[in-house]
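Welcome, and take a moment to get your bearings. The paragraphs below walk through this structure piece by piece.

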Amino acid sequence: MDRVLDTPAGSKVLLLGNEAIARGALEAGVAVATTYPGTPASEIGDALARVAKDAGIYFEYSTNEMVAAEFAMGAAASGVRAMVSMKHVGLNVAADALMTFAYTGTRGGFVLVTADDPSCHSSQNEQDNRYYALLGGIPLLEPSNPQECYEMTKEAFEISERLELPVIVRTTTRISHVRGPVTVDRIVEGVKKKEFVKDPARFVTVPAVARVRHKVLLDRLREAEELSEESTLNRTERLGTGGSVGIITSSAAFNYAMDAAVELGLSADILKLGFSHPAPKNKISQFVRDHERIVIVEELEPILENTVRAIAQHSSLQAKVIGKADDAFPRLHEFDQAIVARGLRAALSMASEAVEETPTELQELPERPPVLCAGCPHSATYFAVNKATNKKALFASDIGCYTLGMSPPYSAADFLVCMGSSVGSAGGLAKVNDKPVIAFIGDSTFFHAGIPGLINAVHNGHRFLLMILDNRTTAMTGHQPHPGSDKGPTCCDITAVSIENVVKGCGVKWLKVVDPYDVKTTVEAVKEALEQPEVSVIIARRECALIAARDAKGAITKKHYIDQEACKKCRTCVDKFQCPAISSIDKVQTIDEALCAGCGVCAQVCPYKAIKEVE
Amino acid sequence: MVDIYLVGVGGQGIITASRIIGDAAILSGRNVLLSETHGMAQRGGSVVCTARIGDVHSPLIPDGRADVILSFELLETLRALPRASMKTLVVSSTERIVPLSVSTKKLRYPSIEEITAHVERAAKSFLPIDAAKIAAESGVPMSSNIVMVGALAGTGMTGLQKGEFEKAIEMSIPRKLPENKTAFARGYEITDRAL
């Protein structure tokens, strides 16, 4: 039984926020769903991939977020319902398409889900994607919990079809990755096929069309504002006896505001905005009029705050508005109940909390950051690269498990900003530096955003080594397939695209494929590649160790141990190589046989041949 | 309301454990919110999940507010102590997973005596459990997490019934159900008897 698909109407079920979004889409009769995986959005696609075949919908993991969005746009413009989901920075990739799709509008409901990541739990920035709704003129829904994820996804399709506009549903990590009760309804089979009715004066955005369509968009936004005024997603809750304090909030911040207000014993009214753009101006104006002090509680950027201040100014209201501009709440990182309680105390000039003494001073604990797994082929690659270059190279890295190579002992990342940035930035680094430059990119990331950079390097004659770390999967986000995979989600027939053919097709003259488990060959390939007068490419190919272990069902035979008599305690296996199975305690290095993945790379790393296969 | 703070190392089955708690709460008709760690942090790093049962809106547990710390690894037990107060019960597996920083930075993994002393100073009581051994004896070495769920259920702190936990385990564990139920029962007995 699959919870997302098989939970019957009227039942209450525990769902992840992301699963609730998937269920909502199924109940809305979605016909087409696409994604590129990215934390914290990945489980939306994963849930749909699992059930697509049985639910009779089309689902795909697309090459990147832009393609995913454009695919869904093609379907929705024809008249069926389509959804595309991505992490917040994925929307940067898809934004080009979205900004103009707001002009053409849609015929079938089109919902774009963006999952933001305040505190950068799994991301390179904590941008606030509510700005995209403002930038593009796109209606915005902000659920606060799994039940609302489910309800608002359904509602988003209704709003989208009614206004003929795309709708953004925006979550954050503490909404997408929260599990809570969801009471579901019936799954509806939506329209799966629809003939595209030609209308180039709407859908072909040459300048003459775009100028006209921009006005249509602004007219539709006025209608959207009317919907927002009437929407039950924008509602007031009374705590205690209400009174002169009003709190305006949305998204995850609403949850913290509720719990913090109860903790502080506040009497206040809370205006919760679930349909936050276009903001319901009259509703907000009336709420401000009804209260003496207005506190704005929102994570990240002061978007609601600025909206409320503008409405108050426009309506000549005297109420005091308190928020980030008053330093009551931080603009950095995610909130929690304690941060919001502190903010409310400051905003309402309440006495600050008595500071409880911490019971004991903890000694500094050995930290435990995420690390490359035992048997990870990237570990072997980084060891070989360091050996070949003697660490005298510049490393342009990219987004994936292999970014973890930035830490010692590898220190194999010097620059990283976004998906695909390794390839583009390597050219610039090489142009103005004398050191050799090596770009690292994963297989999925190469398809996603690496190819234009490689074409640029060939065409403009840049000199660096591109290493494509091909572990045959999108590992970090949960082992989703990518265009190079020959195995997809069970729902779809897929064709594997050859990385070699793409590289050669870009015009690269020097290409080698190596197995990173073969350290010597990899070291030699890196040395030879760096001697080339132009861009060179090495594909380091070896399946992700987690997948290999899963497919082998534990049947790993090449476990290794350290022969303590042969070991010279040189620490090469812990200082130059890194494996969770190898530890060094009280100057003795040992291999934990239970953790050993049997890759045998450590045996090649040891200069004294003290690491041996278990008989 | 009950706040349970679950900690351990990526790969120990902590999300599954928290989901069982969540399912059991729903079976009992209570409200529940869980927060989980996904993505990059899971690669052998410290992992935190929270389970809040009762009338609550936000999923995160502020410092000093955990009613129970359920830890799957000893060093992580220490790391979780800021969430404890003198009202907190700490239930911890005695499993030790030595982090790479101990090897590379030549740091020391604290001894069980030091850990016990710290926990006893920061919390109401400390219940160490040899979950790995019990799991192995139950026939599924991977079921340490289920032993810990049993240990949590046995404390009686969740307000949930034993049967609700057992039903929740049936919903989440597709394979080796009898062995997992044994693992749960063994964990349950230990804390039920101790408290």
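Is A:Glu301 buried or exposed? With a relative accessibility of 16%, A:Glu301 counts as buried, where buried means under 20% relative accessible area, exposed over 50% and partly exposed in between (1.4 Å probe, protein chains only). Before going further, please note that this is a predicted model, in which local features need pLDDT of at least 70 and side-chain atom pairs count only at pLDDT 80 or more, while totals for chains, interfaces and linings use all residues. Residues are numbered from 1 along each chain as its sequence is written, chains are lettered from A and ligands numbered from 1 in the order in which they are written, and side-chain values use heavy atoms, with hydrogens and water left out.

A:Glu301 has a partner: it forms a salt bridge with A:Arg331, with 3.0 Å between the closest N and O atoms. A salt bridge here is a side-chain nitrogen of Lys or Arg within 4 Å of a carboxyl oxygen of Asp or Glu. A:Glu301 sits in the loop between β13 and α13 (303-314) of chain A and A:Arg331 in the loop between β14 and α14 of chain A, so the pair ties together parts that are 30 residues apart in sequence. Helices (H or I, at least four residues) and strands (E, at least two) are DSSP runs, numbered from the N terminus. Over all chains, the count comes to 48 salt bridges. Another one joins A:Arg472 and A:Asp470 at 2.8 Å, N to O; A:Arg472 counts as partly exposed at 30% relative accessibility, whereas A:Asp470 counts as buried at 1%.

Now turn to helix α14 (residues 337-347) of chain A, whose buried residues include A:Val340, A:Leu344 and A:Arg345. Their cover includes β10 (245-249) and α11 (251-264) of chain A, together with β3 (46-53) of chain B. At the start of this helix, a side-chain oxygen of A:Asp336 reaches to within 3.0 Å of the backbone nitrogen of A:Ala338. After α14(A) comes A:Ser349, with a positive phi near 50°.

Next, look at strand β11 (residues 268-273) of chain A, where six of six residues are buried. In a regular strand the side chains alternate between the two faces of the sheet. Here A:Ala268, A:Ile270 and A:Lys272 point one way, and A:Asp269, A:Leu271 and A:Leu273 the other way. Two strands pair if DSSP finds at least two bridges between them. Strand β9 (residues 234-239) of chain A pairs with β11(A) in the antiparallel sense over six bridges, and β10(A) pairs with β11(A) in the parallel sense over four bridges. From β10(A) the chain crosses through α11(A) to β11(A) in a right-handed β-α-β crossover, meaning that with the strands pointing away from the viewer, the path from the first strand over the helix to the second runs clockwise.

Finally, how do the two chains meet? The contact (heavy atoms within 4.5 Å) takes 54 residues from chain B and 56 residues from chain A. Between them the chains bury about 4600 Å², 58% of it on carbon and sulfur atoms; buried area is the accessible area (1.4 Å probe) that two parts lose on being put together, summed over both. Seven salt bridges are found across this interface. One salt bridge is formed by B:Glu36 with A:Arg179, the closest N and O atoms being 2.4 Å apart.

Technical notes. Polar contact = N/O pair within 3.5 Å; in protein donor to acceptor, adjacent residues only side chain to side chain.
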